[in-house]
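Morning, everyone. Please look at the model on the screen, and we will walk through it together.

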Amino acid sequence: MNSFELNKILGALLAAVFVVFSVSLLSDAIFASPPPATPGYAIEVAEDDGSGAPAEPAAPESIAPLLASADVAKGENIFKRCQACHTVDDGGANKVGPNLWEIVDRPIAGHEGFGYSAAMEEFSQGGTVAWTYENLDHFLTNPKGFVSGTAMAFAGLKKIEDRANLIAYLRENAATPVALPDPEPEDEASFEEPLSPDERTDLTVEDEDASLPAGVSDDPATGEEASADETEGEATAN
C-alpha cells in the first residue's frame, strides 16, 4: 500500500467522524430539552373542603311530581317491551313473570300461583312490603340493584320520564286505580309583609320616644311648661 492510498483511507475516516460529530451537534440544538424548574411530575389532587367527611351521594329524584302529568299512552307503548314476560289484563296468565293487574300497592311477591325467586320472597318480608310508587320506580330503574338476586333479566329504564309513563299505565290497569301521591311540597321562602304607612309612622315615633332620656318630652309645649315650673321653683327657693 503506497502513501497515496493510506492518505485516502485516513481522509475518509476523518470525514466520517466529522459528519457524525456535526449531526450530533445539530440534533442537540434542534431537540434541546431544558431541565424542569422543579423535578418530578405534577399530580392533580381534588381540593378538600377541610371537613374531612366524604361527599354524600345525591338522593335519587322522586317519581311523585311526574306521575300527575305522565302520559299513559306512552306508558302503554313502553309496556310492549314487557309483554314477552308479563300480562297486565284482569285474570291474565302468568308467564316468565307474574300478571301485573293491580300491581300498584300490591304486596311484593304476593300474586297467587306464581313461583317467586328466593330473593324476591326475602325482600317482601312476608308480604309486608308493597309495590308502592317509589318501590316500582326504584325497581324499574335497576331491578337487580334494587332486589339483589332477582330472576328478572330486564336491564331497567334509565329515563325517569319513561318510568313515570309506564307506572301511570300500570296504575290504570286496576278496578280502582290507586290515588296518586302528593308531589313533594316545595320549601316556601319566608318573608314579611311590607308595613303600611301608618304602621311605619307609629314605629318611627316609638323609636324616637325610646331614644329620649327619662323624664324628657319631645313636645315643645310640654318642654316650655317644664322650664316655667323650674323657674318658679328657683324663685321660691330664693
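Is Cys-82 buried or exposed? Cys-82 is buried, because its relative accessibility is 16%. The cut-offs are these: buried is under 20% relative accessible area, exposed is over 50%, and partly exposed is in between, with a 1.4 Å probe and protein chains only.

A word on the ground rules. This is a predicted model, so local features need pLDDT of at least 70 and side-chain atom pairs count only at pLDDT 80 or more, while totals for chains, interfaces and linings use all residues. Residues are numbered from 1 along each chain as its sequence is written, and side-chain values use heavy atoms, with hydrogens and water left out.

Back to the cysteines. How many disulfides does the structure hold? The count is 0. A disulfide is a pair of cysteine sulfur atoms within 2.5 Å. The closest cysteine sulfur to that of Cys-82 is in Cys-85, 8.1 Å away, and that is too far for a bond. Cys-85 is in no disulfide either. Cys-85 is partly exposed, at 32% relative accessible area.

Next, the surface. Leu-6, Ile-9, Leu-10 and Leu-13 make a nonpolar patch of about 360 Å². Like charges are joined within 9 Å, and nonpolar side chains, meaning Val, Leu, Ile, Met, Phe, Trp and Tyr, within 5 Å. Areas come from the Shrake-Rupley method with a 1.4 Å probe, and for residues only the protein chains shown count as cover. Ile-9 is partly exposed at 42%. Ile-9 lies in helix 1, residues 3-30. Helices are DSSP runs of H or I, at least four residues, numbered from the N terminus.

Glu-102 is not a glycine, yet its phi is positive, about 55 degrees. Where is Glu-102 found? Glu-102 sits in the loop between helix 3 (72-79) and helix 4 (118-124). Glu-102 is partly exposed, at 34% relative accessibility.

Gln-125 is not a glycine either, and its phi is about 50 degrees, also positive. Gln-125 lies in the loop between helix 4 and helix 5. At 55% relative accessibility, Gln-125 counts as exposed.

That is the tour. Over to you.

Notes. Patch = residues over 30% accessible without salt bridge, like charges linked within 9 Å, V, L, I, M, F, W, Y side chains within 5 Å. Salt bridge = Lys/Arg side-chain N within 4 Å of Asp/Glu carboxyl O. Helix = DSSP H or I, 4+ residues; strand = E, 2+ residues; numbered from the N terminus.
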